[in-house]
Amino acid sequence: MSSQDKPDNMQELVTEIARALVDEPGAVIVEAVERDESTVLRLRVAPADVGKVIGKQGRTARSMRTILGAVSMKHHHRYTLDILEENQQAAKAE
Amino acid sequence: MPIDDYSAAAQSIAAFLKTLTAPGRLRLKYRITAGSGAADPDGLEAREIYVELAGPDAPLLTQRGGELLRALEHVAAKIIRLDQEEHDKVSFDANNFKALRARELKLAADTAAEKVRRTGQPYSFAPMSSRERRMLHLAFRGYDDLETASSGEGLRRFVVAYPKGYDHEKLSTGLAGHRR
């Protein structure tokens with residue numbers, strides 16, 4: 001993995017897509033958590049926007065994961081997407 | 001919500017595609033057509049915005065039954081704030097995938113129609129996306145003696161073709177509502 005393949009690019013990708021989907025783009029935060037074989041991108045949005053990034057029957061989240069999967073292949077590194085919901089966000093804040 | 005500003009919608013979609021080509025590094029080119037110029041000449045798609053993708057990574061889009069193409073379509077429709085029932089207004093295509101798939105579905109419809117006529121029994125198609133179900137429903141418009149309905153929920157929703165006037169009580173799957 002070269003330096004330009006570091007998660008910044010993927011963080012930016014998910015951040016930009018999430019910002020376009022929500023009503024409060026300023027509240028979008030994406031953290032990259034390195035695991036052994038993969039990088040977990042943890043997406044947080046305003047509580048009122050959680051439904052927008054998940055979608056009906058989880059379809060928007062699934063679509064974002066499909067996109068991430070394709071881009072992962074290009075980057076030869078696995079990226080997964082976690083969407084933190086309100087209670088998890090609250091728990092993390094404590 | 002109807003698309004009242006095609007130019008703004010096209011710009012939002014272009015910005016979305018740029019995230020895929022720049023940070024995402026997918027090698028894709030795109031052409032976005034919006035408004036009357038986007039209409040499907042075959043009338044199979046109800047599209048108002050047509051996004052044609054090409055380039056070295058275009059084959060990624062059409063793998064696994066066009067899974068990535070559908071994912072891009074879905075996110076783009078959400079980005080321009082289309083309601084669920086209006087998602088068909090945005091269509092993404094690559095390597096003529098939509099037209100080829102439409103042709104496959106038309107052949108599948110013809111085969112199924114022949115079978116329903118021969119047996120007098122309903123025919124259930126494999127589960128497919130709402131767009132593909134719509135293409136099937138349209139394909140059956142040419143058959144006056146047959147009708148179609150969609151059954152099942154979510155990802156497992158599928159089209160059933162049956163003889164016109166067929167007693168719905170007999171449909172063991174329990175049809176979850178007609179479409180068109």
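This is a predicted model: local features need pLDDT of at least 70, side-chain atom pairs count only at pLDDT 80 or more; totals for chains, interfaces and linings use all residues.
**Entry 1: the two chains**

I began with the contact between the chains. Chain B and chain A bury about 2,100 Å² between them, and 63% of that area is on carbon and sulfur atoms.

I then looked up the residues on each side. Chain A gives 26 residues to the contact, and chain B gives 22 residues.

**Entry 2: charges and polar pairs across the chains**

How many salt bridges does the rule find across the interface of chain B and chain A? I noted two. In one salt bridge, the side chain of R81(B) meets that of D23(A), at 3.6 Å from N to O. That distance passes, because the rule asks for a side-chain nitrogen of Lys or Arg within 4 Å of a carboxyl oxygen of Asp or Glu.

I looked up polar contacts next. Between chain B and chain A the count is six residue pairs, with both residues at pLDDT 80 or more. On the side of chain B that touches chain A, the elements giving two or more residues are α1 (6–21) and α2 (58–79) of chain B. The largest share comes from α2(B), with nine residues. I also sorted that side by class: it has 11 nonpolar, six charged and five polar residues.

**Entry 3: R25(B), a residue with positive phi**

I went back to R25(B). Its phi is positive, about 60°, although R25(B) is not a glycine. I wrote this down because most residues other than glycine have a negative phi. Where is R25(B) found? I found R25(B) in the loop between α1 and β1 (29–34) of chain B.

Is R25(B) buried, partly exposed or exposed? Its relative accessible area is 30%, so R25(B) is partly exposed. The cut-offs put buried under 20% and exposed over 50%.

**Entry 4: two loop residues of chain A**

I turned to chain A and found another positive phi in a residue other than glycine: Q57(A), with a value near 55°. Q57(A) is found in the loop between α2 (50–54) and α3 (59–75) of chain A. With a relative accessible area of 59%, Q57(A) is exposed.

G26(A) was my next stop. Its place is in the loop between α1 (8–21) and β1 (29–34) of chain A. G26(A) counts as exposed because its relative accessibility is 77%. I also checked G26(A) against D36(A): they are 10 residues apart in sequence and 31 Å apart in space, C-alpha to C-alpha.

**Entry 5: the two domains of chain B**

I then stayed within chain B. It is divided into domain 1 (6–95) and domain 2 (104–167). The C-alpha centres of domain 1 and domain 2 of chain B lie 27 Å apart. The contact takes 10 residues of domain 1 of chain B and six residues of domain 2 of chain B. Between them, these domains of chain B bury about 690 Å², and carbon and sulfur atoms give 45% of it.

I counted one salt bridge between domain 1 and domain 2 of chain B. For polar contact, the rule finds three residue pairs across this interface, both residues at pLDDT 80 or more. On the side of domain 1 of chain B that touches domain 2 of chain B, α2 and β3 (90–94) of chain B each supply at least two residues. By class, that side divides into four charged, three polar and three nonpolar residues.

**Entry 6: R131(B)**

My last stop was R131(B). R131(B) lies in helix α4 (residues 130–139) of chain B. Is R131(B) buried or exposed? I noted it as buried, because its relative accessible area is 12%, and the cut-off for buried is under 20%.

What does R131(B) form with E73(B)? The two form a salt bridge, with the closest N and O atoms 3.2 Å apart. Their side chains also count as a polar contact, at 3.2 Å. A polar atom of the R131(B) side chain also lies 2.8 Å from the backbone oxygen of H87(B).

I finished with the residues that R131(B) touches, leaving out those up to four places away in sequence. Among them are E45(B), D88(B), V90(B), S91(B) and K98(B).

Technical notes
Residues are numbered from 1 along each chain as its sequence is written. Chains are lettered from A and ligands numbered from 1 in the order in which they are written. Side-chain values use heavy atoms; hydrogens and water are left out. Contact means heavy atoms within 4.5 Å. Buried area is the accessible area (1.4 Å probe) that two parts lose on being put together, summed over both. A polar contact is a pair of N or O atoms within 3.5 Å; within protein, one must be able to donate a hydrogen and the other to accept it, and residues adjacent in sequence count only if both atoms are side-chain atoms. Helices (H or I, at least four residues) and strands (E, at least two) are DSSP runs, numbered from the N terminus. Ala, Val, Leu, Ile, Met, Phe, Trp, Tyr, Cys and Pro count as nonpolar, Asp, Glu, Lys and Arg as charged, and the others, Gly among them, as polar. Buried means under 20% relative accessible area, exposed over 50%, partly exposed in between (1.4 Å probe, protein chains only). Domain bounds come from an automatic or database domain assignment.
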